[in-house]
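The sequence and coordinates are shown first.

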Amino acid sequence: CELSLGRFSNVSEEKKKDLIELLKKEGAIIANGDINDISSIVNALDGGVDTILSVLGSAEIGFQFNLIEAAKKVESVKRIIPSEFGFDSTKIPEDSLLATKKKVLNSIIEAGFDYTIICNGGFYEFFCGPLFGFDHEKGELDLPGNGHEVIFTTHTSD
């Protein structure tokens, strides 16, 4: 569907165009679609797309249901890689604020698609902010766990 780089507010429009051209040179086919319109998504996918890689942000995670519904109508789609952004959705409790991620994965499985889940862990920068226990004045970071557990993080630039 539509390649949207709009979330990168610090990237100029010219740089976004350069990134799109680079993707095209690498063989990416850019097709426009409206995530709110399943028939539009079907039209974008109908051309031999076999894998959907969703990069929707956490606020748009529920729109992946539209991607799944559209994919059901396109014979060539075999695999969906849902937007995970963080933690393994298979381990999210049903009453969690992040439960939509788990429901998306379940919908992919129920529809019979192959899938790949990419769990990058929490974003490092978020752990190093005041909301997650980093006290700049004291130079202390309060991470979850007991200090003996491995935690996985990814830098947002990655």
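This is a predicted model: local features need pLDDT of at least 70, side-chain atom pairs count only at pLDDT 80 or more; totals for chains, interfaces and linings use all residues.

Modeller: Residues are numbered from 1 along each chain as its sequence is written, and side-chain values use heavy atoms, with hydrogens and water left out.

Colleague: How many helices and strands does the protein chain have?

Modeller: Helices (H or I, at least four residues) and strands (E, at least two) are DSSP runs numbered from the N terminus. Their order in the protein chain is α-α-β-α-β-α-β-β-α-β-β-β. The total is 5 helices and 7 strands.

Colleague: Which strands stand at the edges of the open sheet of 3 strands?

Modeller: Two strands pair if DSSP finds at least two bridges between them. The sheet has the order 1-2-3 with parallel pairing. One side of each edge strand is left without a neighbour in the sheet, because each has a single partner strand; these are strand 1 (51–53) and strand 3 (114–115).

Colleague: Which residue in strand 2 stands opposite Ile 52?

Modeller: Strand 1 and strand 2 (residues 79–81) run parallel and are joined by 3 bridges. Opposite Ile 52 stands Ile 80.

Colleague: Is Leu 53 buried or exposed?

Modeller: Leu 53 lies in strand 1. Buried means under 20% relative accessible area, exposed over 50%, and partly exposed in between (1.4 Å probe, protein chains only). Since its relative accessibility is 53%, Leu 53 counts as exposed.
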